[in-house]
Amino acid sequence: MTSATRSQVLSLYMRVFRVARGWQSTLPQDTESERRYIVQEAQTLFRQNQQLTDHTSIKKCIDECEARIEIGLHYRNPYPRPLYLPIMGLATQKGRKLKAQQRMRKQAKPVYLQSHDEDS
């Protein structure tokens, strides 16, 4: 990781903690639990991705983090927005069924959900 990328990741990590510190929930009784969720999610995802060395994958993780911050601030909801896509809901060409569906579902996943598995 280059020093520019490292400083960008560290500033993003600090930004997440600043957002968590100033977070105000729409329901006042949920503020503390949402703050804890933001901090735990950031720690989990940053630790999960700390071994990345490929610049494209690091860029994807940075884009995901920035998108989740902006979506969370806009909607006042720290949790990732759900993906409503039925199992066989994407159109395929003739003859290709399950593998094509799985590939299209992976491509249709928004940037803010790249770190999450299908079942979470």
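**Exercise 1. Find the enclosed space in this predicted model.**
How many cavities of 30 Å³ or more does a search of the whole structure find?

*Solution.* 
Step 1. Search the whole structure: one cavity of 30 Å³ or more turns up.
Step 2. Take its volume. The largest cavity holds about 50 Å³ of space.
Step 3. List the lining. Arg68, Ile71, Gly72, Asn77, Pro78, Tyr79, Pro80, Arg81 and Tyr112 line the largest cavity.
Step 4. Sort that lining by class. Five residues are nonpolar, two are polar and two are charged. Gly counts as polar here, and Tyr as nonpolar.

**Exercise 2. Trace the polar contacts of the Arg68 side chain.**
With which side chains does the side chain of Arg68 make polar contacts?

*Solution.* 
Step 1. Take Glu41. Its side chain and that of Arg68 are joined by a polar contact of 3.1 Å.
Step 2. Take Tyr37. Here the polar contact with the Arg68 side chain is 3.4 Å.
Step 3. A polar contact needs N or O atoms within 3.5 Å. The Glu41 contact, at 3.1 Å, passes. The Tyr37 contact, at 3.4 Å, passes too.

**Exercise 3. Describe the largest pocket.**
What is the volume of the largest pocket, and which helix gives the largest share of its lining?

*Solution.* 
Step 1. Read the volume. The largest pocket comes to about 650 Å³.
Step 2. Go to the centre. Of the 31 lining residues, Val16, Ala42, Leu45, Phe46 and Cys65 are the closest to it.
Step 3. Assign the lining to helices. α1 (3-21), α2 (31-48) and α3 each supply at least two residues. The largest share, nine residues, comes from α3.
Step 4. Sort by class. The pocket lining has 21 nonpolar, five polar and five charged residues.

**Exercise 4. Step back to the whole chain.**
How many helices and strands does the chain have, and what percentage of its residues count as buried?

*Solution.* 
Step 1. Count elements. There are four helices and zero strands. Read from the N terminus, the order is α-α-α-α.
Step 2. Check burial. The chain has 120 residues, and 30% of them count as buried.
Step 3. The accessible surface is about 8,700 Å², with 54% belonging to carbon and sulfur atoms.
Step 4. Look at sequence separation. Among contacts between residues at least 6 apart in sequence, 58% join residues at least 24 apart.

Notes: Residues numbered from 1 in each chain as written. Predicted model: local features only at pLDDT ≥ 70, side-chain atom pairs only at ≥ 80, totals over all residues. Heavy atoms only, no water. Polar contact = N/O pair within 3.5 Å; in protein donor to acceptor, adjacent residues only side chain to side chain. 1 Å grid on protein atoms, 1.4 Å probe; cavity = no way out; pocket = protein on both sides within 12 Å on 5 of 7 lines; lining within 4 Å. Points joined across faces, edges and corners; volume = space filled by probe spheres on them. Buried < 20%, exposed > 50% of the residue type's maximum accessible area, 1.4 Å probe, protein only. Contact = heavy atoms within 4.5 Å. Areas by Shrake-Rupley, 256 points an atom, 1.4 Å probe, with all protein chains shown as cover.
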